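Open the structure in your viewer and keep the sequence beside it. The tour below names what to select at each stop.

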Amino acid sequence: MSWNDAIKYARGVAAKHGVDSAKPQARVDADLPMGARIGGVISLQKSPFIRAECDGSLITVPDDGDTLIRAISRVNLDMSGRLYRYFLHTGDDEAQEKYLQVMQDAHGAVAEILYCTQLTRIVPESADDQDAYMGLSGSGLGDKSYTLWRSQLQDIGVADGDLDIVFGDSDRIEYRRDAGDPERDFVAPFTGVETRVDDADGAHGMEQKLYFMPYVRELGAGREYLLITTEIVKSRDGDPSRRSIHVDFTIGIPLEAERVLIQ
């Protein structure tokens with residue numbers, strides 16, 4: 001079963017077409033990079049997180065219990081290679097999203113691994129706000145840089161002690177766009193569809209359209225990414241009536257493959 005069909009062929013939908021839902025189905029999470037699967041366990045070395053935290057990163061260090069892969073998505077963007085997300089928390093409840101993002105190059109080799117934690121989620125309220133977060137008017141998402149303000153993070157509850165480490169004496173931190181010509185004022189964001197499956201036979205999950213742009217800043221000897229993604233939910237568990245729109249701000253740090261083990 002393909003990733004694009006995983007939601008469409010949920011057990012209930014398949015039963016309407018005469019498929020025996022009791023019959024074992026092929027796993028939709030087979031043959032993924034690094035041997036990942038729903039129910040698999042991710043083990044991460046802590047040293048990259050300790051370094052990032054000391055350098056003032058906004059990344060949330062994974063708890064010892066943040067190991068179980070609860071869902072997996074395939075992100076089809078207008079770029080070469082393939083992008084997967086292995087969710088430790090999906091963000092569907094009170095817990096914020098946490099996932100391992102794995103990029104395969106055009107030859108199937110793992111080109112990049114990011115550990116990502118959600119910083120905040122907003123709902124754009126006006127049509128102009130939605131246009132800006134989709135970059136539809138030639139500005140907004142896709143601009144050359146993005147500024148996070150100390151006051152913004154105070155408003156979402158980040159502790160003052162943590163803000164002192166991140167911001168020092170400044171009231172802002174700047175990220176630069178990590179795509180396209182760095183001299184251009186605007187580059188249109190990537191667009192595509194994310195299909196997430198929450199169980200091995202694709203009975204539960206979601207599908208959403210994405211407008212996506214990565215931003216980055218230098219962080220000591222490493223880098224910290226700010227991934228800004230406008231997500232238009234098209235369906236949940238095959239139900240197209242459950243549509244919504246929101247914008248996720250996610251912090252990611254790169255990990256070396258030898259520091260990640262999936263069992």
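**Stop 1**

Select R27, which is partly exposed, with a relative accessible area of 41%; buried means under 20% relative accessible area, exposed over 50%, and partly exposed in between (1.4 Å probe, protein chains only). D29 and R27 form a salt bridge, with their closest N and O atoms 2.7 Å apart; the term means a side-chain nitrogen of Lys or Arg within 4 Å of a carboxyl oxygen of Asp or Glu. The structure holds 17 salt bridges.

This is a predicted model, in which local features need pLDDT of at least 70, side-chain atom pairs count only at pLDDT 80 or more, and totals for chains, interfaces and linings use all residues. Residues are numbered from 1 along each chain as its sequence is written, and side-chain values use heavy atoms, with hydrogens and water left out.

**Stop 2**

Select E194 and R85, whose side chains meet in a salt bridge (3.7 Å, N to O). E194 lies in strand β8 and R85 in strand β3, so this pair ties together parts that are 109 residues apart in sequence. Strands (E, at least two residues) are DSSP runs, numbered from the N terminus. Both E194 and R85 are buried.

Next select E97 and R121, a salt bridge with its closest N and O atoms 3.7 Å apart. E97 is in the loop between β3 and β4 (98-104) and R121 is in strand β5, so the pair links parts 24 residues apart in sequence.

**Stop 3: strand β11**

Select residues 244-254, strand β11, where 9 of the 11 residues are buried.

**Stop 4**

Select R85, E97, Y99, T229, E231, D248 and T250, which line the second largest cavity. On a 1 Å grid over the protein atoms alone, a cavity is a set of points where a 1.4 Å probe fits but cannot get out, and lining residues have an atom within 4 Å of a point. Strands β10 and β11 each supply at least two residues of this lining.

Note on methods:
Helix = DSSP H or I, 4+ residues; strand = E, 2+ residues; numbered from the N terminus. 1 Å grid on protein atoms, 1.4 Å probe; cavity = no way out; pocket = protein on both sides within 12 Å on 5 of 7 lines; lining within 4 Å.
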